[in-house]
Structure formats: structure tokens, C-alpha cells
Amino acid sequence: MTTNTADVLIARKGISGRRRDPLFWTSVGFLGVVVLVAIFAPFLAPYDPEAIDFAAIWSQPSAAHPLGTDQLGRDLLSRLILGTRESLIGPFLLLVGATILGVTIGIVAAWNGRWIDVLLARITDVMFAFPGLLFVVLVIAVFGEGAATAVVALALAYAPVIAKFTRSIALSELARPYVDAYRVQGVGGATIATRYVVPNMTPALLGYLVVLFGEGLMGLATLSYLGFGAQPPSSEWGLMVQEGQDGIVLGHFGPTLVPGIAIAAVVVAVNIVGVRLAERMGARA
Amino acid sequence: MNTSATPLVVADGLHRAFHVARGADPVVAVDDVSFTIEAGEALGLVGESGSGKSTIARILAGLERADSGSLRVAGIDRRTVGHGAAARLARARQVQMVFQDPYGSLDRRLTVEQTLTHAMRLHGLAGGRDAKGGAAELLERVRLSATQARLKPYQLSGGQRQRVAIARALAVEPAVLVLDEAVSALDVSVQAQILELLDEIRRESRISLLFVSHDLAVVDEVTDRVLVLFGGAVVEEGRTQDVLRKPAHPYTRLLIASVPGPGWDPHDVIARRAAFELSRSDAST
């Protein structure tokens, strides 16, 4: 009996323990490298990502072009490196906007209940019933296409989802007696929420938000692929996939595969980090 | 400021009902309860679960409002104090509260010292530099060491946490301290230490206590006078010694008989409880 419990505990530590989690740390390391690449992109790229070279259209990987070139002879490695910036900043801004909006709405709904809560429930019901992309395309149809609109549209689509999640955590957090203790001390409601309750919820929210970052990255890439997001000559990864697909029928897979793999790798790494963070924080709370 | 004519706390005809479900009759938690607490006096509230004792404590602490009746502390009506921050703080300096759950009533992000300095700064009772000195003094009053000041709640035992909660309440220098089942979650030896601490605090300052507990032995130890509550109403009140030694009301006798001891039989208690319910319904119809 005792040994059984001990075995289980040891096995668990193997999965979620701080040191023995190579998958988590590999993902963190990979994402760290990607961020560094984004920061130092202009120094790392061997070519100007927008330099057209008709002498080297659809060239195979070589010493001159390690990942080959696209239909305009542009160096794929340079485009990938520079594209890291737009491909990461977009989902980051989208997440910041959606988080500020969603957490505010969620905590207000949990705190005061009543009509804000009902309104939130209705909005999220509509959002869940409605394909997310359709809503985003609607916003873009109204405000015009472009990277900024795509970010705003997706932020508006994610805010109710974050709000709903925040509300569920906030409800249990607000039921803790330390919130009453602050009220008895004479701390105002807004101060309790922003200064004490939100920081206490952060561990529970963090993993979820990291996973949403991956989803946002994919969403923005999808919009760019469809022509609603980043516009040429940008080397945003979704746009690169779209521009490269003309080559597929001619047997040139590089221009679509390179950005496609980059998107997949970053999203998978972000998901691993997010899920593991959520597990750890859950275990700690 | 406090004349011998008017007690520190005067509650008159407090009433509170909760609407549990739409269409259902409201549940009366507090039914026409009146009591007084003199400066330096300890008043006990006893009764079974659902007798309304916690609701009365929360009304006094300002966490719950009374539907009707009046509640005055030091001559000021708690119900008509304004809404602003100054009024909130003034109300907080009248009454502080210690909660039942020592695990949830402290903010788990803050160290012991931060918990205390936040409370003191909020009330302007310690200007920046000497807030730490104030915290050290408070910790000494509740018999915690200076090294424990840097610990977070999860590093403390239940008894130590409850000492921190008491120190936090004292930080505001209140006239009345409400203790809602404050020692009920602690084991017997730790309970005795906390009770001794409360005794010391009462000897040092003329603080008044409202002591809510289902544990009659503890109430006997701490309080001068006691109110016995049943179904939200006061059924008996008087000096604690008299009420517990020579109970006049059948419910008080039942409550005393329910305490496990030698020759105690749970079936007997349940049977007497049923007989009491029956006699009450006969009397009311």
C-alpha cells in the first residue's frame, strides 16, 4: 500500500517535476531561440528578404540559399527570419488586447453578477455558436483588410472566451475569505480586484493564455493566407505559405513547407509550454 | 468618548432574510436580534449551524447588510455611513474580523510582514519607514518571531496563520474584534494557545469581542455574556456562567446535552432534538 503510493508519487514527479521534463525545457529553449531570432532578425538574415533575383527563381537549397528561393528568387531563409517578427508580434498584441478586455469583463461579471454576467453569457453563447473565423471576416469586411485589423478582429473574438474562463476562476477566487478580509479592512472593490485578486489568479490563467498565443498565431497566419491579414511584400509566415503555393504544381515544395513547418513548430512548442504551465500551477494551487 | 450610559455596540431588531431561489420563500437567517456589547466586554454567540450566528457576525463586520433594524458602534449608525474611501476606512477601524478558515483568510501571495504593513499603510497608521517596526510589534503581540515575518502563509501552521489573522485585525486598532469560529479549525492544544492570546489582548487593551462559536467549552472560556440563537432568533441570553450552568430555555439545555462527554449517546441527542422541534411547532400553531 505504502510503496504503491510512493511509486505513484515518484512517477508523477517524473512527469511534472521541475527538473525531469526535457520536453518542456526543449520547447522553452526553442521558443527562446525564436524570440532571439525575431529580435536580431536584420543581423541574422543573409539577404534582403524583399530582394528579387530572377536568376535564382525556385532554386533548390544550396550554399548560397540554405533553404532555397521562392517564385521571385527571394531568399527563403531571410524571409523566414524577418517574418518571425510579424508572425510573433501579431499574436502577442492580439493576446495583450484580448486579455485586458477579457479579464476585465470576466472579473466584473464574477464580482457583481446581475446584468453584466447575463450579457457576458449571451455574448459568449453567440461567439461559440458562430464560427470564429466568420466573425473575424465580418469585422474585416467592415473595417478593411490589413495586419492591424486582423489583430483587432481576433482580439475581439478571443476576449469573450478569456472572459468566460476568467469568470470561472474569479468566482472561486472571490469566494476565498481573504477577499472578505480585505473588505473588512476597508479596501475598495476595484483595488481588491486589480491589486490582490488578479495577481492571485495569474498562475491559473497563465497556461491558458500561453496556449491561446499559439492559437492566435495560427489564426493570424490563416487570415494572412486568405489575404485578409498581412499584405505583400511582407514575409509573415501565413502570407509566405499562400505565395509559395503556386510552386507546388511545379514540384517546388520549399516555399510552402518552410513557413508551414515554422508555424507548426512554434505552435506545438507553445502548446507544450502552455499545457505544462497549467499543470504545474494547478498542482501548486 | 464612551459614556457609561451607552454601550459600545448597540444592535436593535436586526433582521436579515436570504432569497435562495426564485419563487421560493426567503430564508430568515436573523430574526429580530438585539444585543449590546460594552467596551472591553466579550459577547458570545452560540447555536447550531444555520442559527444565524455567522450572519450576525458578518453584519457587524459590514460584510452583510441587515434588511431592517439598527446597528450602532460608538454611537455611529453602521447603516448610514457614507460610501467613499474615508467612510469605508472609518468603518473598518471600528470593527475587524478573524475568519474561521486559517488557510483561506490570508492572501497567499503576501508574506506575513507584507500582510501587516499593507493593513497599516491603508489606514495611515504607519508612515512608510516605520511600518516594518509596527509589523514587528504586532508579531510580538501575537507571539510570532521576527523570522516568521518573511514567510508566506503556506509555510505556516494553522495556529500560526490564525495568529497572523489576529495581528492583521489588530493592525487597524479596532474597537471591536469579531471572531467567527476563529478557533474551530484548530486542534485542541493550538486552540488553547489562541484563547490564551485573546485573553492577553483583552487585558492589554479594552477591545470588545464578538465571539461566534458552536463550541460551548470555548465560549465558556472566552466570553462574559452569551446569546443563544435558534432559527435566527435569540432564545436565551445572560452571563455565560449562568446560561451554561443553569440553562433556562429547553434549546439551551439541548445544546449543552449535545456536547459529547461521558455517558453521551448520539441517539438520545437526536431524539431530544426531534422532540424539541415538535414542541416548537405545537407552540406556534
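The largest cavity has a volume of about 50 Å³; a cavity here is a set of points on a 1 Å grid over the protein atoms alone where a 1.4 Å probe fits but cannot get out, and lining residues have an atom within 4 Å of a point. Grid points are joined across faces, edges and corners, and the volume is the space filled by probe spheres set on the points. This is a predicted model, in which local features need pLDDT of at least 70, side-chain atom pairs count only at pLDDT 80 or more, and totals for chains, interfaces and linings use all residues. Side-chain values use heavy atoms without hydrogens or water, residues are numbered from 1 along each chain as its sequence is written, and chains are lettered from A and ligands numbered from 1 in the order written.

Both chains contribute to that lining, with A:Gln185, B:Phe99 and B:Arg168 among its residues. Helix 8 (177–185) of chain A, together with strand 6 and helix 5 (158–171) of chain B, are the elements giving two or more residues; helices (H or I, at least four residues) and strands (E, at least two) are DSSP runs, numbered from the N terminus.

The second largest cavity, of about 30 Å³, has A:Asp70 and A:Arg74 among its lining residues. Helix 10 of chain A gives the largest share, 3 residues.

Strands 3 and 8 of chain B pair in the parallel sense over 4 bridges, where pairing takes at least two DSSP bridges.

Notes: 1 Å grid on protein atoms, 1.4 Å probe; cavity = no way out; pocket = protein on both sides within 12 Å on 5 of 7 lines; lining within 4 Å.
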